[in-house]
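Here is my note on the model below. Please read the points with the structure open.

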Amino acid sequence: MIKQYLLLVILLLSSSISLSDPIHTVANLADLSATAQKNHVPILVVFESENCGYCIRLKQEVLEPLSETISMQPPTIMEFDIFSSGKITDFNGDRIRSRQFKERYQIFAVPTLLILDHEGNPLVDPIVGYNSREEYQALLRSSLFASYDALSNLKP
């Protein structure tokens with residue numbers, strides 16, 4: 001655990017960050033939760049919409065390139081289309097409507113990125129909107145650092 005934390009600190013101090021896991025689009029948050037808990041990593045949920053230009057830029061300019069350089073256990077990234085319908089499996093295994101998931105976190109704008117623990121609790125403030133790659137990377141670095149710090153203070 002300490003080794004992962006030190007690697008994250010080194011990573012965050014570098015000029016670019018990267019993640020090795022792909023971005024997931026899933027309807028079963030319980031599976032993501034189990035993986036995040038096992039690996040003691042946060043879950044990044046990106047609330048988006050299909051035709052959102054800023055969402056596309058965020059994914060192409062920040063999230064996809066993140067998969068190239070990290071040498072530690074990365075956070076899990078999940079996309080969630082705010083216009084999706086139907087039911088999903090929540091973090092605790094219960095089936096809920098997609099709109100309930102969105103409303104729980106009071107998502108009103110896209111893109112919005114949340115960093116959650118394995119129970120779906122926010123670890124840091126959400127990142128709302130997208131202006132530029134550089135600004136977003138700085139916000140994401142800071143938020144990731146704080147989220148790993150918060151996770152290290154949680155009981156296993």
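1. Terms and basis. Buried means under 20% relative accessible area, exposed means over 50%, and partly exposed is in between, with a 1.4 Å probe and protein chains only as cover. This is a predicted model: local features need pLDDT of at least 70, side-chain atom pairs count only at pLDDT 80 or more, and totals for chains, interfaces and linings use all residues. Residues are numbered from 1 along each chain as its sequence is written, and side-chain values use heavy atoms, with hydrogens and water left out.

2. Overall layout. The chain has five helices and seven strands. These are DSSP runs, numbered from the N terminus: helices are H or I with at least four residues, strands are E with at least two. Along the sequence the pattern reads α-β-α-β-α-β-β-β-α-β-β-α.

3. Of the 156 residues in the chain, 44% are buried. The chain exposes about 8,300 Å², by the Shrake-Rupley method with a 1.4 Å probe. Carbon and sulfur atoms supply 50% of that area. Contact means heavy atoms within 4.5 Å. Take the contacts between residues at least 6 apart in sequence: 71% of them join residues at least 24 apart.

4. Strand S2. This strand covers residues 43-48, and six of its six residues are buried. In a regular strand the side chains alternate between the two faces of the sheet. Here both faces are covered. Ile43, Val45 and Phe47 lie on one side, and Leu44, Val46 and Glu48 on the other.

5. Partners of S2. Two strands count as paired if DSSP finds at least two bridges between them. S2 pairs with S3 (residues 76-81) in the parallel sense, over six bridges. In that pairing Glu48 stands opposite Asp81 of S3. S2 also pairs with S6 (residues 112-116), in the antiparallel sense and over five bridges. Val45 stands opposite Leu114 of S6, and Leu44 has Ile115 as its bridge partner in S6.

6. Strand S7 and Val128. S6 is joined to S7 (residues 127-128) by two bridges, and the two strands run antiparallel. Val128 belongs to S7 and is the bridge partner of Thr112. Buried or exposed: which is Val128? Val128 is exposed, because its relative accessible area is 54%. Leaving out residues up to four places away in sequence, Val128 touches Ala109, Pro111 and Thr112. The C-alpha atoms of Val128 and Pro111 are separated by 6.1 Å, and the two residues are 17 apart along the chain.

7. Helix H3. The buried residues of H3 (residues 53-63) are Cys55, Leu58, Val62 and Leu63. They cover an arc of only 75° around the axis, which puts them on the same side of H3. The arc is that of the directions from the helix axis to the C-beta atoms.

8. Helix H5. This helix has 20 residues, 133-152. From its first C-alpha to its last H5 reaches 28 Å, close to the 28 Å expected at 1.5 Å a residue. The expected span is 1.5 Å times one less than the number of residues. Buried residues in H5 include Tyr136, Gln137, Leu144 and Leu151.

9. Leu140 lies in H5 and is buried, with a relative accessible area of 0%. The C-alpha atoms of Leu140 and Pro126 are separated by 9.9 Å, and the two residues are 14 apart along the chain. Ser143, also in H5, counts as buried because its relative accessibility is 11%. Beyond residues up to four places away in sequence, Ser143 touches Ile115, Val124 and Ile127.

10. Aromatic rings. A search of the whole structure finds seven aromatic pairs. Rings of Phe, Tyr and Trp (its six-membered ring) pair if their centres lie within 6.5 Å; planes under 30 degrees apart count as stacked, over 60 as edge-to-face and the rest as tilted. Phe47, Phe80, Phe91, Phe101 and Tyr105 form one aromatic cluster.
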